[in-house]
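Okay, thanks for coming, everyone. Have a look at it first.

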Amino acid sequence: MGERHSKALEYKKEYIGFDISKEAITKAEDEYLVDNILADSREVDFSMLEYDSLVTCPPYWNLEKYANDNGIDRHKSFEDFLMDLDFIFKNVYDNAPINSIFCVMVGNWRKSGIYYDLENKVSNMFYSYGAKIFDKVIVSRKKVSKINIMLQQCKRLGYSVNVNEHLLIFKKV
């Protein structure tokens, strides 16, 4: 929503924020006093923009539903979700200058006995574009997502998530 945008401004960095949700745009304006752009990243012409980095936390496919009915979180299959995510990342990557940095927060989960390794899938996407791994930061969710709550959710909802996520940092070389 507006957290990344407001933090970028705090550090005197330019920021262009896109969101598919009108509610998220309004929340960014109201809570963070920033103006993000209502747009579907699949339809943005990144060749018309100047940028040297990407900071994102893409949806974890269908674990959470966002406000828009046409988002990539609504795909019926994980493979279709990955195809659209790859399309977005490749478009951003291809139009960024050399030495650009791409920061992507990802996690993995198990649902209905199937393990979804989003970290590995996103890493392979960026490797296929020619990116090099710059860093990987383990982000603990231990204080955010308490184990006893996660276990109850696992039983009730039928899926589990990792207690940590990874901030994958790639560089265009």
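**Starting from Asn62**

So, let's begin with Asn62, which you'll find in the loop between strand E3 (53-56) and helix H3 (78-94). Before I go on, please keep in mind that this is a predicted model. Is Asn62 buried or exposed? Asn62 has a relative accessibility of 18%, and the cut-off for buried is under 20%, so Asn62 counts as buried. And what does Asn62 touch, if we skip the neighbours within four places in sequence? The contacts are Asp73 and Lys111.

A quick reminder: a pair of aromatic rings is described by the distance of the centres and the angle of the planes. How many aromatic pairs does this model have? The count comes to 17. Let me show you one of them, Phe18 with Phe46: the pair is edge-to-face, with 5.9 Å centre to centre and 75° between the planes. This one links distant parts of the chain, with Phe18 in strand E1 (residues 18-19) and Phe46 in the loop between strand E2 (37-38) and E3, 28 residues apart. As for cover, Phe18 is partly exposed at 25% relative accessibility, whereas Phe46 is buried at 7%.

Here's another, Trp61 with Tyr116. Their rings make a tilted pair, 5.5 Å centre to centre with 50° between the planes. Trp61 is in the loop between E3 and H3, and Tyr116 is in strand E6 (residues 114-116), so this pair ties together parts that are 55 residues apart in sequence. Trp61 is buried, at a relative accessible area of 6%, and Tyr116 counts as buried too, at 11%.

Then there's a cluster. Which residues form it? You can pick out Phe89, Tyr93, Phe102, Phe126, Tyr127, Tyr129 and Phe170, which form one aromatic cluster. If you zoom in on Tyr93, you'll see the charged end of Lys172 sitting over the ring, 4.9 Å from its centre.

Now the sheet. As a general point, strands of a sheet pair through backbone hydrogen bonds, either parallel or antiparallel. Here we have an open sheet of four strands, in the order E3-E4-E9-E7, and the pairing is mixed. Which strands sit at the edges? Those are E3 and strand E7 (132-140), each pairing on one side only. From one strand to the next, the twist averages 15°.

Let's look at E4 and E9 in that sheet. Strand E4 (residues 101-106) and strand E9 (residues 164-171) run antiparallel, joined by six bridges. Two names from the aromatic cluster, Phe102 and Phe170, come back here: Phe170 in E9 is the bridge partner of Phe102. Helix H4 (residues 118-129) lies across E4, E7 and E9, and runs at about 0° to E9.

Last, let's zoom out to the whole chain. There are five helices and nine strands, and along the sequence the pattern reads α-β-α-β-β-α-β-β-β-α-β-α-β-β. Of the 173 residues, 37% count as buried. Take the contacts with a separation of 6 or more: 69% of them are between residues 24 or more positions apart. The accessible surface comes to about 10700 Å², and 53% of that belongs to carbon and sulfur atoms.

That's my tour. Happy to go back to any of these spots on the screen.

Notes
Residues are numbered from 1 along each chain as its sequence is written. This is a predicted model: local features need pLDDT of at least 70, side-chain atom pairs count only at pLDDT 80 or more; totals for chains, interfaces and linings use all residues. Side-chain values use heavy atoms; hydrogens and water are left out. Helices (H or I, at least four residues) and strands (E, at least two) are DSSP runs, numbered from the N terminus. Buried means under 20% relative accessible area, exposed over 50%, partly exposed in between (1.4 Å probe, protein chains only). Contact means heavy atoms within 4.5 Å. Rings of Phe, Tyr and Trp (its six-membered ring) pair if their centres lie within 6.5 Å; planes under 30 degrees apart count as stacked, over 60 as edge-to-face and the rest as tilted. A charge sits over a ring if NZ of Lys or CZ of Arg is within 6 Å of the ring centre and within 35 degrees of the ring normal. Accessible areas come from the Shrake-Rupley method with a 1.4 Å probe; for residues, only the protein chains shown count as cover. Two strands pair if DSSP finds at least two bridges between them. Axes are lines fitted to C-alpha atoms, for helices over the stretch in contact, and angles run from 0 to 180 degrees between N-to-C directions.
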